[in-house]
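Here are a few notes from my look through this one. Have the structure open while you read.

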Amino acid sequence: MTKIKKILIANRGEIAIRIMRTCREMNIETVAVYSEADRTSLHVRYAHEAYLIGKAPSSESYLNIEKIIEVTKKCGADAIHPGYGFLSENATFARRCNEEGIIFIGPSPEVIVQMGDKIMAREAMTKAGIPVVPGTPNSISDENEVLNIIRDIQLPIMIKAAAGGGGKGMRLVKKESEIVSAVRAARSEALSSFGDDSVYIEKYITSPHHIEYQILADQHGNVIHLFERECSIQRRHQKMIEETPSPLLTPELRKKMGQSAVDAAKAVNYTGAGTIEFLVDNNLNYYFLEMNTRLQVEHPITERVTGVDLVKQQIKIAEGNILEFKQEDLYQRGHSIECRIYAEDPDNNFMPSPGKIYKISEPLGLGVRTDGYVYEGYEIPIYYDPMISKLIVWGKNRDEAINRMRRALYEYKITGIKTSIKYLERIMGNPNFIEGNYDTHFIENNQDQLMENTNCDECSDMVIIAAFIDYLQKISSTQESVKDFALPQSRWKNIPYINHF
Ligand code: MV4
């Protein structure tokens with residue numbers, strides 16, 4: 001067993017700060033690395049030490065393996081936490097860390113390779129007796145193979161890149177005549193995105209739920225799950241809202257899928273924190289989809305209902321400790337929801353809206369957590385992900401959590417840039433969402449209601465106040481909008497909060 005004393009965080013933004021917060025609580029020194037675009041970033045100021053590693057594009061900074069290794073050795077850190085994105089699922093990076101005697105806070109390079117290749121992952125899960133989506137066990141070499149397979153599994157099917165994930169190199173095929181062009185399109189997209197054109201086939205699951213399980217595995221063969229996260233609400237493969245428990249699962253199914261997640265991790269000798277993704281169809285059949293070998297963006301909702309600090313557990317596992325919980329020790333207390341706040345304009349096709357934050361006031365109060373990194377006067381760089389913050393709430397049940405999220409979104413004020421906050425408010429007020437009646441097609445199925453821009457023009461006193469503020473703005477020297485900051489944000493058709501008492 002090694003006691004980790006100093007960790008280099010090979011990441012930026014909210015997740016770098018999230019990791020460093022736990023390090024401080026564990027008396028571990030923190031080292032930040034940053035690009036030229038991140039000189040004024042908060043993660044640089046939060047760390048005990050910080051090193052400039054290159055130019056703004058991630059390929060010249062946050063993805064520069066040798067530079068990051070060099071800084072780690074120079075500053076004497078014993079471990080690297082990769083966060084999510086960037087190098088977090090890069091087997092070469094994990095291997096280079098091991099070679100240099102640096103602890104990589106994550107699984108082995110072997111399992112990163114195995115789970116990164118979706119065909120290998122499907123094979124391992126099939127062997128372990130985990131239900132996988134019906135499809136091909138190998139990559140397909142020509143279109144005739146596809147014709148044979150659809151006799152078995154029937155159309156529609158999905159053609160997926162072996163090196164893919166997250167929607168890239170994926171094609172839906174509904175008609176036999178589309179096969180040739182779809183295979184070709186998937187292949188060329190896979191080649192240009194991943195440098196590997198192998199593709200395989202899966203039966204298309206219509207209107208599935210995307211439900212994932214958090215697992216923790218120590219280096220001594222102990223594996224536990226920390227229940228599920230319902231991640232079906234996403235737009236173009238970008239998640240917007242996650243919640244736990246899932247409104248769909250029964251206690252029996254929750255337990256069964258949890259056991260499958262544990263079996264999946266054991267089958268590949270997994271170590272560290274990981275996530276098993278499943279698709280769940282309308283008849284509550286579930287299928288293994290992929291395994292993510294990193295800490296995920298949405299991990300805080302799991303932390304909130306289980307009481308477990310996942311970053312702390314990652315560090316303790318990396319030190320060689322035995323897991324401190326047994327499965328029976330864990331339960332879900334109440335309900336947690338996360339909304340991702342993006343610097344995007346929901347009323348202009350979610351166009352990125354980088355720029356300078358003029359004013360920011362974040363929600364506080366009972367059951368509210370924000371994981372963010374922006375501050376007043378901060379200029380969001382164009383080079384990285386547009387997610388600027390995560391708003392996480394807890395309630396004793398789902399209704400209370402929804403009401404609390406609506407209250408917190410109402411309190412959240414950001415001016416200077418456009419954000420997804422008002423769109424998230426509309427989702428929280430959407431009757432289908434409130435009923436828990438949604439799947440992966442929620443956004444497209446509710447588009448008309450969600451795009452409605454219902455500002456507070458019903459409230460006549462607000463119109464008067466708005467006019468007055470406009471006048472004040474005209475006579476004041478500032479160019480920034482005082483109006484956005486002073487007025488309550490739009491409420492979706494003024495739907496009252498759920499009465500659950
Ligand atoms: C699927 C599917 C239906 N059937 N596979 C999208 C991202 C990638 N990780 C897998 N994805 C899907 N794979 C089969 N066999 C539907 C999706 C999918 C989806 C999955 C999770 C969350 C949102 C989604 C939105 C559209 C399609």
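1. Which residue forms a salt bridge with E303? This is a predicted model, and in it the partner is R369, with the closest N and O atoms 2.9 Å apart. The pair ties together distant parts of the chain: E303 sits in helix α10 (residues 299–306) and R369 in strand β19 (residues 368–372), 66 residues apart.

2. How covered are these two? E303 counts as buried at 8% relative accessibility, while R369 is partly exposed at 23%. R369 also forms a salt bridge with D371, again with a closest N and O distance of 2.9 Å. D371 is buried, at 3% relative accessibility.

3. Another one to look at is K6 with E49, a salt bridge whose closest N and O atoms are 2.5 Å apart. K6 belongs to strand β1 (residues 6–9) and E49 to strand β3 (residues 49–54), 43 residues apart. K6 is buried because its relative accessible area, 12%, falls under 20%.

4. The salt-bridge count comes to 33. There's also a network of them linking E212, R229, K239, E242, E298, E338 and R340.

5. Now the ligand. A nitrogen atom of the ligand has a polar side-chain atom of E202 at 2.9 Å, and a backbone N or O atom of I205 lies 2.9 Å from a ligand nitrogen. For E290, a polar side-chain atom is 3.2 Å from a ligand nitrogen. Taken alone, the ligand exposes 520 Å², and the protein buries 91% of that.

6. As for the shell around the ligand, β6 (157–165), β8 (199–203) and β13 (286–292) each give two or more residues to it. By class, it has seven nonpolar, six polar and four charged residues.

Definitions and conventions: Residues are numbered from 1 along each chain as its sequence is written. This is a predicted model: local features need pLDDT of at least 70, side-chain atom pairs count only at pLDDT 80 or more; totals for chains, interfaces and linings use all residues. Side-chain values use heavy atoms; hydrogens and water are left out. A polar contact is a pair of N or O atoms within 3.5 Å; within protein, one must be able to donate a hydrogen and the other to accept it, and residues adjacent in sequence count only if both atoms are side-chain atoms. Accessible areas come from the Shrake-Rupley method with a 1.4 Å probe; for residues, only the protein chains shown count as cover. Helices (H or I, at least four residues) and strands (E, at least two) are DSSP runs, numbered from the N terminus. Ala, Val, Leu, Ile, Met, Phe, Trp, Tyr, Cys and Pro count as nonpolar, Asp, Glu, Lys and Arg as charged, and the others, Gly among them, as polar. A salt bridge is a side-chain nitrogen of Lys or Arg within 4 Å of a carboxyl oxygen of Asp or Glu. Buried means under 20% relative accessible area, exposed over 50%, partly exposed in between (1.4 Å probe, protein chains only).
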